[in-house]
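User: Please walk me through this model, one step at a time.

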Amino acid sequence: MIRNFYKSLLALAVVVTISFSNAFAQDSTATTAAPAGGGDAAKGEQLFKGNCAQCHAATNEQIVGPGLAGVESRRDFAWLKKWINNPMGMVASGDKYANEIFNKFNKTQMTAFPNFTDDDVKAILAYVTQVNAAPAPTASAPGTTPVAQSGDTGSGKFVNVILIALLVIMGLVLVALLGILQLLNKLTDKTEGAETTSGKSVGEKLQSGFKDIVANRTVRIAITWVFILLATKATFDGLYGIGVHQGYAPKQPISFSHKLHAGEMKINCAYCHTGVYKGKQSGIPSANICMNCHNTIKRESPEIQKIYTAIKEDKPIEWVRVHNLPDLAYFNHAQHTNVGGLDCKNCHGDIDKMEVVQQRSTLTMGWCVDCHRKTEVNGKDNAYYDKLMEAHSAVSKGSMKVEDIGGLECARCHY
Amino acid sequence: MENTNKRYWKGVEELKNDIEFVKNANREFNLDDIDTVEPTHRRDFLKVLGFGLAAVSLAACDAPVRKAIPYLNKPEDVEPGIANWYASTYAEGGDYSSILVKTREGRPIKIEGNKMSSLTKGGVSARVHASVLSLYDNEKLKEPQKGGSKISWADLDKEVVAGLSKGGNIRIVSNTILSPTFKKVIADFITKYPTAKHITYDANSVSGLIQANSESFGQAVVPSYDFGKAKVMVGINADFLGTWIAPDVFAAQWAETRRLSSSKSGGKNEMSRHFQFETGMTITGASSDYRSMIKPSQEGAVVVALYNKVAAALGGTPISGPAIEIQNLDKCAKELAAAKGAALVVSGSNNPAIQTVVNALNSLLGSYGTTIDLGNPVNFRQGNDADMNAFINEVKGGQVSSVIFLSNPVYDHIRGAELGEALGRVATSVSFAANADETAAKCKYIAPAPHYLESWGDAEPKKGFYSLMQPTISLIYNTRQAESSLLIWAGGSGDYQAYLKSSWKSILNGGKSWVQALHDGVYEPGASVVASGASFAGNLANAATAIASIKGSGIELSAFENISIGTGTQANNPWLQEMPDPISKVTWENTIAISQKTATEVGIDQGDWAKLTVGGKTIELPVLIQPGQAHNTVSVAIGYGRTAAGKAGNVGANVLPLVSNGQYWASDVKLEKTKSGYTLAQTQTHNTVMGREAVIQESVLSEYVKNVKAGRFEPKLQTSEGFKKPGQITLWNGHEKKNHSWGMVIDLNLCHGCGSCLVSCQAENNIPVVGKAEVARAREMHWIRLDRYYSSDAPHEEGYSPAGFRAMEIASENPDVVFQPMMCQHCSNAPCETVCPVLATTHSSEGLNQMTYNRCIGTRYCANNCPYKVRRFNWFKYFENDNFDYNMNNDLGRMVLNPDVTVRSRGVIEKCSMCVQRIQLGKLEAKKQKRRPVDGEIQTACSQSCPTNAIVFGDMLDPESQISKTLAVEKEGRAFHVLEEINVQPQMTYLTKIRNKEGAPKTETKPSEHASGAHS
């Protein structure tokens, strides 16, 4: 049990350390290498992983665009800076090399990064150089993935483990009790006379002991009560579970792996779920979003081919909805992600470790309300909440919870 | 109201204390009188119970697999869950509105006014609101038709072009077309087929006005009117706030002359004076200061008399005319003459002679160049009755070989029946109707045109005022725009979008970019043009002679256009059918409106059906006793009696064939009672206020000028410590509002009862249609009840003596009318909240009374305890139920539902939520931008749609908001809460109605203590 505990604690730690967002994407490997000439490789890595890694590898490997190993020897800094700031402008201006590379990569437009300064570009180039100079370079951050596999411990499993452990303990206690009972029996037998009992074998003795226990009225009543209580609890649990689909993990038409995309590739959730900071629905990505990368990456994979078929046949992909709120409840993603500043994991669990997405939270009203009671309002630097904060601090010293500003009122979710 | 001497009543039955009314007054719903639902038997009950249990256990076993289907190629600007707004134009038979269309996931779900238009200023009528539902009418044609069976577009084009090419006269028949580009298409078509001619007519024609203007000023146009500049305005059978020409435009102007402010510094206490002479009660008459009843045959005489009286004062040449005695006529003439230069007289008559005299009168009053502008005419009505008559004669004479219909004249023209019979003689007949209407059914081909929300187009409602129409959804069925069809038949490409864009190059002329114009929806280079005068040059003597020859006899019939159905083009729209007529409160049919006196003379009464015969033509309709109806007249609404409109629209009877003179009235009407015992689906006495009287508070301007609190009833309750205001003694703890306090101020002086808010609310909040039978049971679901109160000047005290009763009877012939939109008042001390056994209705910290449908168990205690009777109970499941076969019973119709609002199921109470979904969304937008919400960015559906801005919504805790400012001024003025004495502290405030009428109401000498229930 202690080991189990240890394991889940470890998993929890992993959950905390790995995050979706780019801001947290840097890991310990970056700090180990010394900065290369001209630019800050650590900063470069951060920029690279946040902006470039979706399409470019720092090695020779081709993802969407060309691998960047040795890019400095191919083009000078001025050209690269100009290109990164405005690639399509370069193509339009008729730059020969720019047009060549544009045509070579199926006229895929590169995103422009007009805000990158000289220092930023230098930093990225320094990082690229550093990666290629390292003895065993890999494009993705390898340090995090192995841990992720061991951390596949959801809260549901954790409860099961505890239950099993409890059962084992109960068994042990029962055996111990039986032992004590036998000992006591032996003692009483001794006082009454050794001859009557000494004739019986150990088996017989156990049997008669067991019979005695069963015949005991108190024990029988206790067992009946335990049974009734357990049955009642099971019934209630069953009833409460109606419509609760925690752990629901339907098979999807395309075996899309969040573990790969969100976990290993660290693609920001909002890249595909475009509405998550804007509106009510986070949105299921349309096929054209998949095609941003998959028109060059892994085109031949049978799963990716399903997207191609869908586009060819003009039939949208029918995903199976995992999180189903009843129509009577209104939920808005933007309120929670954008305004509340909550992480996706808060409700969706470790999506970045799920091969098949499953519903991690119960999505019951109790679950919603519970969170509204505990969660502090993210009102800092948001002028909307100033008035409320003021009013709250006037009457209470504690932090302002969602509950305190009407977060438990019916018409926040039901209308 | 207590300190006035008026008695208010919602319907004749209340005034008469009708047995049915008395019986039902104590009830929320009249339950037992109409028995169409079969009683449930024990066995049925057991069966249902068994099946129900089985269904529940089955449903509980496994949740259905729900799909999430994303776009294949998501448009960049479309984000599921976030609404997109597009500017467009509503232009239906000359009715015009510049609109914004709200779309969700690519489907239009709501229409709102475009405030960028300086013409309509964001005003949208009930019919425009409802037009979004007409888009999702599943009875529309799904493909082109030939003789009732389907045909491909290619074949149709081939056959029609072959027919057109045979030569002979070609006629294109339409209602008013506002689109300059469509007219260009027709011109192109005529160039290709020189024998073609375009005939324009209007179902409710103002051809007489156009003709008179042509004769008087040499300009065959409808001028633009500016009621906002008029100090004295007179309407003669012209319902300019409801249906005449451009009611939303006029209502906004009218309202500005009626707006008051009780501010101590710089308050406004001047109002225009409004006289109305009319036959039936319209909302314009109801909102006027002096209303007089005339027979339709007297229109001319009234105009002539008014002219002569004004001419006597201002020095014009008098003309001969019949002598006439009409109430208020002298007063009206005197005030008109006094207000020279700021006066306006309009007549709804279609008689050029009458309109010529009106022109002369306006000319005398100096209206041209001030309140009337002939230099910038409007295009709202262009119909020419003579052309249309000639066309029908041609068809009857077999002189027309091809005809193309853009409208439905077989139904909506006076001679429609003749035309329908003769259509067989036309070799090639095509209709662009969206469904097989009365005309299309008689045509050889139907080339269905899409709804305007699926179409490209433009409009020029007024000279120099342009607006664009753009599709907000891709074509639902295999339809094609009429413009495209005509272009193809004329040998063009049929790409109307490209045609429109190139045509707009000359309109925009560098003033705005195409994209900008499309974004704004409007382009108004003519907005800065000043009004121009005109000198009258018509022949008054001829007009006088013509008027003298108008003779009416016996009972006269007036055919009028009502607000909801109009001319019947949208008759198949259940929202409009169920919208109560603002005056009569009748739904789902038209009636024979008659005064009590005439009805008694004829021997009919409400609840009867009567046969109405004019010149051998007969219709049969239920009788409605209408206070304010001129004696010896009956009024019947046009737009009903469709036979091919669809399952919701084929109700009532068509009155047009009975008024065959083209003047929309007839004399020598015979009335014959056919059956009795009929219950009209009339909402007027539903949910009555139980005799509580401080509901309407009103006064007259002369009193208001002296005391801004005139007409206010300020209740005081007697306690052991003397009289106290109700708010000072309370059992309640109240609710603290720290953040927002949402509320509304409703100005009774500006509400003219148009019902736009009601339909807007219905569209926004997924309010179901319940049908005629259920409305008759008082089970309508509208969240806004547009209360219409009649009032008699009968003295309050004498009201209970024989003399008082007699006085009441006289007053009720032409009562004063007040409109009061009544929705949930969101009481801070809400009586409904305390009685709910399951806490399904609770209070929010922002002042909202919240209704939680999923918690409601349907005890209806709340509805019972609501002093305002604004809670509605879902007696049935109104969606996916064949007994309520309206839009919620088919997939297409359900597309209009607002995805942010729950569709309520059977057995729960619902009511106005103050559009909490909009409040929440507005707050979220503000939070996302890290700021406080700005006043005006959050609007409820009703406040947004009000053409006169009578409803102001906002945050009462925001000192900068309009509502806070209004309340600050009016708190010690016109602001009052309905039923203040019960101290429920509503969030809704009303402002007293002030009439610009002389004669102060008697103030009661009685002390003002009041205990509710003391008066019965």
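**Strands, helices and cores**

Strand β11 (residues 232-236) and strand β12 (residues 273-278), both of chain B, pair in the parallel sense over five bridges. Strands (E, at least two residues) and helices (H or I, at least four) are DSSP runs, numbered from the N terminus; two strands pair if DSSP finds at least two bridges between them. This is a predicted model: local features need pLDDT of at least 70, side-chain atom pairs count only at pLDDT 80 or more, and totals for chains, interfaces and linings use all residues. Residues are numbered from 1 along each chain as its sequence is written, while chains are lettered from A and ligands numbered from 1 in the order in which they are written.

User: Which residue of β12(B) is the bridge partner of I236(B)?

Analyst: Strands of a sheet pair through backbone hydrogen bonds, either parallel or antiparallel. β11(B) and β12(B) take the parallel form. In β12(B), the partner of I236(B) is F277(B).

User: Which strands of the open sheet in chain B stand at the edges?

Analyst: The open sheet has four strands with parallel pairing, in the order β13-β12-β11-β14 (chain B). Two of these strands have a single partner each, so one side of each is left without a neighbour in the sheet. They are β13 (290-293) and β14 (343-347) of chain B.

User: What angle does helix α10 of chain B make with β11(B)?

Analyst: Helix α10 (residues 299-314) packs on the sheet and touches β11, β12 and β14 of chain B. Contact means that C-beta atoms, placed from the backbone, lie within 7 Å. Axes are lines fitted to C-alpha atoms, for helices over the stretch in contact, and angles run from 0 to 180 degrees between N-to-C directions. The angle with β11(B) is about 155°.

User: How many residues of chain B are in contact with chain A?

Analyst: The chains also share strand pairing: two bridges join β1(A) to strand β2 (residues 67-68) of chain B, running antiparallel. There, V320(A) has K67(B) as its bridge partner. On the chain A side, 48 residues take part in the contact; on the chain B side, the number is 40.

User: Which residues touch the most other members of the largest nonpolar core?

Analyst: A nonpolar core is a set of buried Ala, Val, Leu, Ile, Met, Phe, Trp, Tyr and Cys residues joined through C-beta atoms within 7 Å. Buried means 20 or more other C-beta atoms within 10 Å of a residue's own, placed from the backbone. The core has 284 residues, and the two asked for are V357(B) and L361(B).

Notes:
Contact = placed C-beta atoms within 7 Å. Buried ≥ 20, exposed ≤ 12 C-beta atoms within 10 Å, placed from the backbone.
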